[in-house]
Amino acid sequence: MARLSFIFAILFLATANAFTVPRTAVRAFSPVQMAEDTEGGQPVERGVSVDQDGKSNVWAIEPKMEVSTKSSEEQGATALGAAGGIAAFVVVAGLILTNLPDPDQF
């Protein structure tokens, strides 16, 4: 049994690559290369840049504003649907909580 365990240990250690040099070359990216993503051939601004001194500059990018195109009837229907969902949840939760067994019975 000890001999079999020894053979398995040797096979396991022979396949381990924990302390070896990686076979593929590691490609390092500078922050400038990572900040210059492209979508559809046009660069996308990510809010990060590096100046000539090598200092990182990070700034906030504000999201684009969207104007609601829903009519007041659609907004009212959405609000009624949300209120109905909340009311249904409250009713179901109330039924479940009122029908729980009494812990003093056990």
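A patch, as used on this tour, is made of residues with over 30% relative accessible area and no salt bridge, with like charges joined within 9 Å and nonpolar side chains (Val, Leu, Ile, Met, Phe, Trp, Tyr) within 5 Å. A salt bridge is a side-chain nitrogen of Lys or Arg within 4 Å of a carboxyl oxygen of Asp or Glu. Accessible areas come from the Shrake-Rupley method with a 1.4 Å probe, and for residues only the protein chains shown count as cover.

This is a predicted model, where local features need pLDDT of at least 70, side-chain atom pairs count only at pLDDT 80 or more, and totals for chains, interfaces and linings use all residues. Residues are numbered from 1 along each chain as its sequence is written, and side-chain values use heavy atoms, leaving out hydrogens and water.

First, show the whole chain as a cartoon. You'll find three helices and four strands, in the order α-α-β-β-β-β-α from the N terminus. Helices (H or I, at least four residues) and strands (E, at least two) are DSSP runs, numbered from the N terminus.

Now select residues 2-15, helix α1. None of its 14 residues is buried (under 20% relative accessible area), so α1 lies largely in the open.

Next, pick L4, F6, I7, F8, I10 and L11: they form a nonpolar surface patch with about 620 Å² of accessible area together. Zoom in on F8, which sits in α1 and counts as exposed (over 50%) at 52% relative accessibility.

Conventions: The expected span of a helix is 1.5 Å times one less than its number of residues. Buried means under 20% relative accessible area, exposed over 50%, partly exposed in between (1.4 Å probe, protein chains only).
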